[in-house]
Amino acid sequence: MSLTKSKRRQRIQYRIRKIVSGTASRPRLSVFRSNKEIYAQLIDDVNGVTLIATSSRDKDVANKGNNVEVSVSVGKIVAEKALKIGIDTVTFDRGGYLYHGRIKSLAEGARAAGLKF
């Protein structure tokens, strides 16, 4: 029996989450990708708190261009918000998605804006 696309991603996600965890000083940059939007949040797993959240639905995101360009701007905004509260290093959680396309562009946008991971 073959797995569905969502079940396969869920398995990969569990495998990643066994290793990747966030703290207050080095939170986890978690990425979720839907068909239309992309979401990113910084999570402190020790206290179970979301520190920062942003998405392509926010008003300050430049929604012009294709999905990859929007992902870059989401990455830049999440990095700017993180640097504003004093966080410069994170661990990247790709959420079971391949490091390609929108996920990769979000990561590169965050790195370009000053986040280290």
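Me: Where is the place of Ser56?

Reply: Ser56 sits in the loop between β3 and α2; helices (H or I, at least four residues) and strands (E, at least two) are DSSP runs, numbered from the N terminus. This is a predicted model, where local features need pLDDT of at least 70, side-chain atom pairs count only at pLDDT 80 or more, and totals for chains, interfaces and linings use all residues. Residues are numbered from 1 along each chain as its sequence is written, and side-chain values use heavy atoms, leaving out hydrogens and water.

Me: Is Ser56 buried or exposed?

Reply: Go by relative accessible area: buried means under 20%, exposed over 50%, and partly exposed in between (1.4 Å probe, protein chains only). Ser56 has 4%, so Ser56 is buried.

Me: What does the side chain of Ser56 make a polar contact with?

Reply: A polar contact is a pair of N or O atoms within 3.5 Å; within protein, one must be able to donate a hydrogen and the other to accept it, and residues adjacent in sequence count only if both atoms are side-chain atoms. Here the partner is the side chain of Glu37, at 2.5 Å. Plain contact means heavy atoms within 4.5 Å. Leaving aside residues up to four places away in sequence, Ser56 touches residues including Val70 and Val74.

Me: Which residues in α2 are buried?

Reply: Start with the general idea: an α-helix has 3.6 residues a turn, so residues three or four places apart point the same way. In α2, the buried ones include Val70, Ser71, Val74, Ile77 and Val78. The cover over the buried residues of α2 includes β1, β2 (38-44), β3 (49-55) and α3 (102-112). Just after α2, Gly86 takes a positive phi of about 95°.

Me: How many aromatic pairs are there?

Reply: Rings of Phe, Tyr and Trp (its six-membered ring) pair if their centres lie within 6.5 Å; planes under 30 degrees apart count as stacked, over 60 as edge-to-face and the rest as tilted. That rule gives three aromatic pairs. In one of them, Phe32 and Tyr39 have ring centres 5.9 Å apart and planes at 35°, so the pair is tilted. The rings of Phe92 and Tyr99 have centres 6.2 Å apart and planes at 90°, so that pair is edge-to-face.

Me: Which cluster do ring pairs link Phe92 into?

Reply: Ring pairs link Phe92, Tyr99 and Phe117 into a cluster. Phe92 is buried, at 17% relative accessible area, whereas Tyr99 is partly exposed, at 35%.
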